[in-house]
Amino acid sequence: MNNILCMSVAAAMVGLSGFANAVTPAVSVDELPVLEQESQHATAAKRVSALFTRAHYKEVMLDNVLSEKVFDRYIRSLDVNRNVFLESDIKELEKYRDKFDEALDRGRLDAAYSVFSVNLHRRIERYEYALSLLPTKFDYEAKGDVFAFDREEAPWAKNVAELDELWRQRVKYDSLNLKLNGKTQEEIVTLLTKRYERAIKRLKQTKSEDVFQTAMNAFARSVEAHTSYLSPRNAERFQMEMNLSFEGIGAVLMSEDDYTVIRSIVPGGPAERSNKIKPEDKIIGVAQDDEEFVDVIGWRLDEVVELIKGPKGTVVRLQILKGVSESNVPNEVSLTRDKIKLEDRAAKSEVFTPDEGVHKGQNLGIIEIPSFYNNLHKDVKKEIAKLKEQNVQGIIIDLRGNGGGSLTEATLLSGLFFDSGPVVQIRDGAGRINVNSDTDGVTYYNGPLTVLVDRYSASASEIFAAAMQDYGRAMIIGEQTFGKGTVQQHRGLGRIYDLYENPLGSVQFTIAKFYRINGGSTQHQGVVPDILFPSPIDPKEWGESQAENALPWDSIPRANYTTVGETASAVTNVNQSHLERIAHDPEFAYLFEDIVRYKAEKDDKFISLVESERKAERDEQKTRNLLRANERLARLGKEKVADLEELPDDLDEIDPFKVEAANITFDVIATGKYAIRQ
């Protein structure tokens with residue numbers, strides 16, 4: 001393989017392609033990481049294969065049909081935009097198309113590592129070529145020059161010359177973006193040199209685990225849309241997300257150039273309590289307690305995070321370069337790790353009181369739920385209690401952007417709003433149906449209720465919204481939801497008797513489908529709101545229905561439940577008021593304009609590389625945004641501004657969907673429906 005990958009640059013320069021004439025990278029093979037399957041990977045692959053073939057909801061056969069799917073998805077994951085591999089590369093790699101089923105069954109992924117190695121070399125060649133173009137002075141007024149930002153369905157480049165042209169477009173695109181942001185030619189070259197060299201450095205930091213994770217996820221997603229492999233680090237992050245806590249210093253980090261930079265500080269954490277660490281500070285060294293510092297400049301962000309994290313009560317020392325200082329002398333900060341609560345991901349409530357209109361001075365409660373994490377229902381109980389104390393007339397549950405989480409929490413949350421009854425039906429791979437019900441006989445809130453959703457609301461969000469809709473307990477408002485009606489199980493691959501130096505990771509795989517209590521599935525269809533908000537996205541072009549290998553829609557018999565009452569007439573009346581209101585609402589007028597523009601542009605796959613055209617587009621957008629901003633300021637009784645940079649912060653808080661949800665909720669209150677009579 002190395003001989004194949006080390007042919008001369010001269011061959012490529014005359015347009016020859018394929019392994020027999022592959023480009024020699026400017027980086028020698030000796031400088032690249034040796035990517036070989038580690039001992040634990042064979043066991044992990046076999047255990048994943050066994051789990052999927054024996055326990056997955058979908059019947060999984062390790063055969064050539066699946067192998068071809070895995071191969072295609074693996075290639076796509078390595079080069080989704082088809083600007084790295086050559087057509088001849090793909091033809092040569094076709095020999096592995098029918099080998100992945102046997103490789104997975106035996107736990108020998110040599111084929112995946114070989115494919116990845118080719119891709120790694122090609123990527124470095126591409127970035128080296130990009131660097132070679134930086135001295136070029138581009139003609140930014142060359143008419144018809146465009147950058148293809150979506151090439152997923154495009155043909156593979158037939159030769160190096162075609163790849164070079166694609167990357168010329170990309171480098172010119174990157175350069176033009178910086179030029180439009182006011183950078184000089186010298187600054188553009190400096191910035192892009194750092195960017196491309198940093199990309200090469202990160203490629204050289206690729207680990208065997210990265211290859212294994214990419215290959216196993218190609219396998220998992222070829223089985224079903226929500227089946228995945230989690231590397232040991234990703235498995236740990238998954239658990240932190242579900243528990244909303246971790247042990248560390250309480251700082252959110254990001255990678256910037258070769259530095260690990262403090263993006264934000266978690267309130268109440270060790271970093272904030274030290275008063276010595278601020279956003280924009282750079283971490284250049286990390287030491288455990290009294291050990292020597294490790295220089296982390298140029299490190300991968302995940303590796304720096306691993307050094308900084310640790311058990312509660314242990315000490316970590318950081319070398320910090322202050323973000324606002326030009327001094328080259330770093331400060332040393334010693335921190336004792338503690339348990340950090342990710343409060344920004346927990347449920348929170350607010351009281352909404354209109355400033356004008358017929359409902360001026362009246363109170364509504366809004367509970368925002370960003371995810372269905374462990375113990376969510378307990379947090380929502382507390383928020384309901386707070387809102388009751390403030391005498392709210394109704395409550396809005398805001399599930400916008402909530403991608404789901406715990407199925408148990410969806411059931412427990414639903415049970416807060418009615419006495420008892422079924423919430424969701426679950427059918428396993430053997431066809432057995434179980435019903436998850438609330439059985440406590442207690443209603444924590446019996447007043448008027450609405451649920452606000454959008455196209456990103458999925459899974460557990462859809463279970464809750466569907467239950468509220470089927471019972472007639474809440475009016476659902478917003479966009480049609482994502483349509484994820486499957487249940488996943490998270491299972492570690494390790495065993496207590498394993499003696500591997502490195503952990504094996506875990507898998508998340510589909511074990512069941514869930515169904516509404518009315519018998520229908522939310523799979524593909526999602527939850528269709530009673531009151532639909534205008535949206536630029538056609539539900540048929542979005543969500544689960546567009547996911548490759550997603551399970552189909554179907555239905556089962558209705559569960560035994562009783563609705564709160566007849567609500568069809570309430571929906572009709574409320575919807576009529578809603579449509580009349582948004583027809584005269586300037587914020588929705590903006591939305592309607594944006595929908596027309598989106599539909600006209602949504603199929604575009606190219607962006608102009610002509611500076612004057614890009615400036616005209618930018619100026620048009622800036623003029624439109626400034627006009628809208630000043631119209632908003634006028635409605636708020638504030639002075640107009642001459643530039644968008646002068647806008648007050650409170651203008652960012654305008655949320656027309658929340659305001660209209662409140663108007664709808666007041667209409668719901670007036671109908672006397674969607675409340676449980678005592």
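Visitor: How many bridges join strand β17 to β20?

Guide: In this predicted model, local features need pLDDT of at least 70, side-chain atom pairs count only at pLDDT 80 or more, and totals for chains, interfaces and linings use all residues. Residues are numbered from 1 along each chain as its sequence is written, and side-chain values use heavy atoms, with hydrogens and water left out. Strands (E, at least two residues) and helices (H or I, at least four) are DSSP runs numbered from the N terminus, and two strands pair if DSSP finds at least two bridges between them. Strand β17 (residues 475–478) runs parallel to β20, and the number of bridges joining them is two.

Visitor: Which residue in β20 is the bridge partner of Gly478?

Guide: Strand β20 covers 531–532 and is an edge strand, pairing on one side only. The bridge partner of Gly478 there is Leu532.

Visitor: At what angle do helices α18 and α20 pack?

Guide: Axes are lines fitted to C-alpha atoms, for helices over the stretch in contact, and angles run from 0 to 180 degrees between N-to-C directions. The axes of α18 (residues 586–601) and α20 (residues 656–671) lie 10 Å apart, and the packing angle is about 125°.

Visitor: Why is α18 classed as oblique to α20?

Guide: Angles under 35 degrees count as roughly parallel, over 145 as roughly antiparallel, and 65 to 115 as roughly perpendicular, with the rest oblique. The angle between α18 and α20 is about 125°, which therefore makes α18 oblique to α20.
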